[in-house]
Amino acid sequence: MLLRVVLAPDNIRRLDILENLTSVEHLKTILQERLQIKDDFLIQFEDPEFGNELCNLTNITELPPERAVLKILQKVPEESEPETSISSLDTASMSFPSDSSNQSSPFVSVRQRENSHWPSPFPIPKFSYDVELRLEKGDVNFKEDGTLLTVPREMKMDILDCIAQAIFSFKAYPNNQELESVSAALIEKYPCLKDPGSGTGYHSWTMSIKYKVGNYRQKLRSAGCSEVAVNQKIVDKDSRCLKKAKRCEVNFLPDNPVGQTDCSLQKEKDALQEEMKKKHFSMAFVDSKMELTFSLRRKEIVEEEPLVADVIKQWPALFLEDQ
């Protein structure tokens, strides 16, 4: 049976199902595997007997015999607390607190940073309670008589630490323009923090944020974060300092997923190779294993620099169109 499945207005898939469908649950199982749908969902189909209007699919015999158009409606639990999920490509790095809470997850997805665009305006994180209280009173005084807030050292360190974590959640190596957008957003949110002798009002904050982000990368490097450690300067046998990569994306090397080691990922790699030997392999299985072993694959490519032929042998799924 040939199916046209509408997941969203910009996500419409075509599926060719070879096996005979025995029930609606059987169809849902196939759709979950082929389309990687995790949440529960409702299936609707275009009923030709009613001018192709959508109807809920309650019996598999209601579908047209050869081809059909389906629409997927995912069910969202009415009372569910947001869960902090850690992708298989996560690296141990701090994420910024949201505006609604002082609590934040201690992990941020590397793949999320790679695929996300630099936000405009930059979301300034929520600081500690005492800092927020000082900033609130400082803004009140600034609106009344234009008095700028005198920022103590410990308060400035708290602000810079939170901002550095927030920046790293989007990008490990921001450029000067992106850093300026952060300081501009900070001054816009808290006008009492303006520079007294600066035309833009945030030049000194830009420089402070720049150095703080560099120090934060150094802390992560010392903690063993591979994503930034791979770009540190290396001294060769002749004691000459080799030039490091200018951007982390050049030698992008994430840490292993939480709870995984090189040994455990090697077993996942072996299982992936065995699956690829099958004539009809499961694409859902391949996708999940490829995502899980991403850090191991990057480590082999960056550190060992294998030939393309060796990569094809070790990671045959990498050369699939979907991958």
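In what order do the five strands of the open sheet stand? The order is S2-S1-S5-S3-S4, and the pairing is mixed. The views below come from a predicted model.

**View 1. Overall confidence of the predicted model.** Mean pLDDT for the protein is 78. Residues that reach 70 or more make up 79%. Residues 77-115 stay under 50 in pLDDT. For that stretch, the model has 79 contacts beyond four places in sequence.

View 2. Five strands form an open sheet with mixed pairing. Strand S2 (11-16) stands at one edge and strand S4 (53-56) at the other. Each has a single partner strand, so one side of S2 and one side of S4 lack a neighbour in the sheet. From one strand to the next, the twist averages 30°.

**View 3. The S1-S2 hairpin.** Strand S1 (residues 2-8) pairs with S2 in the antiparallel sense. Six bridges join S1 and S2. The two strands form a hairpin, with two residues between them. Arg4 faces an arginine across the pair: Arg14 in S2 stands opposite.

**View 4. S1 against S5.** How do S1 and S5 run, parallel or antiparallel? S1 and S5 run parallel, joined by five bridges. Leu3 stands opposite Ala68 in S5. Val5 stands opposite Leu70 in S5.

**View 5. S5 against S3.** Strand S5 (residues 67-74) also pairs with strand S3 (residues 41-47). This pairing is antiparallel and spans five bridges. Phe41 stands opposite Gln74 in S5. Further along, Gln44 has Lys71 of S5 as its bridge partner.

View 6. Gln36 lies in the loop between helix H1 (24-35) and S3. Most residues other than glycine have a negative phi.

View 7. The bond from Ser120 to Pro121 is cis. Its omega is near -5°. Most peptide bonds are trans. Pro121 sits in the loop between helix H2 (110-115) and helix H3 (129-145).

**View 8. Helices H4 and H5 cross obliquely.** Helix H4 (residues 153-168) meets helix H5 (residues 176-189) with the axes coming within 12 Å. The axes cross at roughly 130°. H4 and H5 are therefore oblique to each other. Their crossing is right-handed. H4 brings Ile159, Ile163 and Ile167 to the contact, and H5 brings Leu179, Val182 and Leu186. By class, the contact has six nonpolar residues, no polar and no charged ones.

**View 9. Helices H8 and H9 pack roughly antiparallel.** Helix H8 (residues 262-276) packs on helix H9 (residues 283-292) at an angle of about 150°. The axes are 10 Å apart. The angle makes H8 roughly antiparallel to H9. The crossing of H8 and H9 is left-handed. On H8, the contact is made by Leu265, Glu268, Ala271, Leu272, Glu275 and Met276. On H9, Phe285, Val286, Lys289, Met290 and Leu292 take part. The contact of H8 with H9 has eight nonpolar, no polar and three charged residues.

View 10. How far apart are the axes of H8 and helix H10 (residues 294-304)? The axes are 9 Å apart, and the packing angle is about 100°. That makes H8 roughly perpendicular to H10. Asp262, Leu265, Gln266 and Lys269 of H8 meet Ser295, Leu296, Lys299 and Glu300 of H10. By class, the contact of H8 with H10 has two nonpolar, two polar and four charged residues.

Note on methods. Residues are numbered from 1 along each chain as its sequence is written. This is a predicted model: local features need pLDDT of at least 70, side-chain atom pairs count only at pLDDT 80 or more; totals for chains, interfaces and linings use all residues. Side-chain values use heavy atoms; hydrogens and water are left out. Two strands pair if DSSP finds at least two bridges between them. Helices (H or I, at least four residues) and strands (E, at least two) are DSSP runs, numbered from the N terminus. Axes are lines fitted to C-alpha atoms, for helices over the stretch in contact, and angles run from 0 to 180 degrees between N-to-C directions. Angles under 35 degrees count as roughly parallel, over 145 as roughly antiparallel, 65 to 115 as roughly perpendicular and the rest as oblique. A crossing is left-handed if the near helix is turned anticlockwise from the far one by less than a right angle, and right-handed if clockwise. Contact means heavy atoms within 4.5 Å. Ala, Val, Leu, Ile, Met, Phe, Trp, Tyr, Cys and Pro count as nonpolar, Asp, Glu, Lys and Arg as charged, and the others, Gly among them, as polar. pLDDT is the predictor's confidence in each residue, from 0 to 100.
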